[in-house]
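Please take a moment with the sequence and the coordinates before reading on.

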Amino acid sequence: MVGKNCFAIASDRRLGVQLQTIATDFQRISKIHDRVFLGLSGLATDAQTLYQRLVFRHKLYQLREERDMKPETFANLVSALLYEKRFGPYFCQPVIAGLGDEDKPFICTMDSIGAKELAKDFVVAGTASEFLYGA
C-alpha cells in the first residue's frame with residue numbers, strides 16, 4: 001500500500017503444500033535496490049528462478065546505464081520477462097513497490113503472463129487476494 005511519499009509491502013513467510021507447512025521462514029519479499037522491492041507469491045521454485053533472472057537483468061542495466069532502475073522501468077522489465085514465457089508461464093504473481101522521482105510511491109501487480117494492474121492506493125496478490133480486498 002502507499003502513503004504520502006512512502007509505501008509498505010507485506011507478506012507471510014509460510015512455505016507449504018496444500019495444508020502441510022514445509023517451512024516458516026521462506027522469503028517472498030526481496031530488495032532489488034534501495035528504492036524498489038519485489039514480492040513474489042506463487043510456486044516457490046518459480047519465484048526463486050524469476051527473482052534470480054530479475055536480479056541478473058537489473059545488474060546488466062546498472063552496468064549499461066550506470067544508475068538504478070526506476071520502479072516503472074522495473075515493472076516493465078518484469079512484465080516483459082513474464083510475457084516471454086506466456087506459453088509455459090512462471091506460476092508467480094509479482095508485486096512491485098518503490099519510490100520514483102521526487103519520492104512518488106509506485107505499486108503494481110501482475111498476473112502470471114505479465115498483465116500489469118496499476119493502482120494508486122493498494123494491490124494484493126496470491127491465493128488469499130479476494131479475502132484481502134475485504135480487509
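Threonine 127 is exposed, because its relative accessible area is 77%, and a value over 50% is what the term exposed requires. The residue belongs to the loop between strand S9 (116-119) and H3, and although threonine 127 and glycine 42 stand 85 residues apart in sequence, their C-alpha atoms are 8.0 Å apart in space. It should be kept in mind throughout that this is a predicted model, and that the values given here are computed from that model.

The protein chain has 3 helices and 9 strands, and, read from the N terminus on, its elements follow the order β-β-β-β-β-β-α-α-β-β-β-α. For 135 residues, a compact globule would have a radius of gyration near 14 Å, and the 15 Å of the protein chain agrees with this. Along its principal axes, the C-alpha trace spans about 45 × 35 × 25 Å, and 33% of the 135 residues count as buried.

Strand S3 (15-17), S6, strand S7 (92-99) and helix H3 (129-134) are the elements that give two or more residues to the lining, with S6 supplying the largest share, 4 residues. Sorted by class, the lining of the largest pocket holds 22 nonpolar, 8 polar and 3 charged residues.

Aspartate 111 has its place in the loop between S8 and S9, and its relative accessibility of 30% makes it count as partly exposed. Within strand S9 is lysine 116, which at 38% relative accessibility also counts as partly exposed. Lysine 116 and alanine 44 are 72 residues apart in sequence, and their C-alpha atoms are 21 Å apart in space.

A pair of aromatic rings is described by the distance of the centres and the angle of the planes. In this model the count comes to 1 aromatic pair, formed by phenylalanine 7 and phenylalanine 37, with 6.0 Å centre to centre and 55° between the planes, an arrangement that is tilted. Phenylalanine 7 lies in strand S2 (residues 6-7) and phenylalanine 37 in strand S6 (residues 36-42), so the pair ties together parts that are 30 residues apart in sequence. Phenylalanine 37 is partly exposed, with a relative accessible area of 23%.

A contact of another kind involves a charge and a ring: arginine 86 lies over the face of tyrosine 83, at 4.3 Å from the ring centre. Is tyrosine 90 buried or exposed? At 10% relative accessibility, tyrosine 90 counts as buried, because the limit for that term is under 20%. The C-alpha atoms of tyrosine 90 and alanine 47 are separated by 7.7 Å, while the two residues are 43 apart along the chain.

Asparagine 5 is not a glycine, yet it has a positive phi of about 55°; it is found in the loop between strand S1 (2-3) and S2, and at 45% relative accessibility asparagine 5 counts as partly exposed. Aspartate 103, again a residue other than glycine, has a positive phi near 55°. The place of aspartate 103 is the loop between S7 and strand S8 (105-110), where it is partly exposed, with a relative accessible area of 33%.

Conventions:
Residues are numbered from 1 along each chain as its sequence is written. This is a predicted model: local features need pLDDT of at least 70, side-chain atom pairs count only at pLDDT 80 or more; totals for chains, interfaces and linings use all residues. Side-chain values use heavy atoms; hydrogens and water are left out. Rings of Phe, Tyr and Trp (its six-membered ring) pair if their centres lie within 6.5 Å; planes under 30 degrees apart count as stacked, over 60 as edge-to-face and the rest as tilted. Buried means under 20% relative accessible area, exposed over 50%, partly exposed in between (1.4 Å probe, protein chains only). A charge sits over a ring if NZ of Lys or CZ of Arg is within 6 Å of the ring centre and within 35 degrees of the ring normal. Ala, Val, Leu, Ile, Met, Phe, Trp, Tyr, Cys and Pro count as nonpolar, Asp, Glu, Lys and Arg as charged, and the others, Gly among them, as polar. The radius of gyration is taken over C-alpha atoms; the globule rule is 2.2 Å times the number of residues to the power 0.38.
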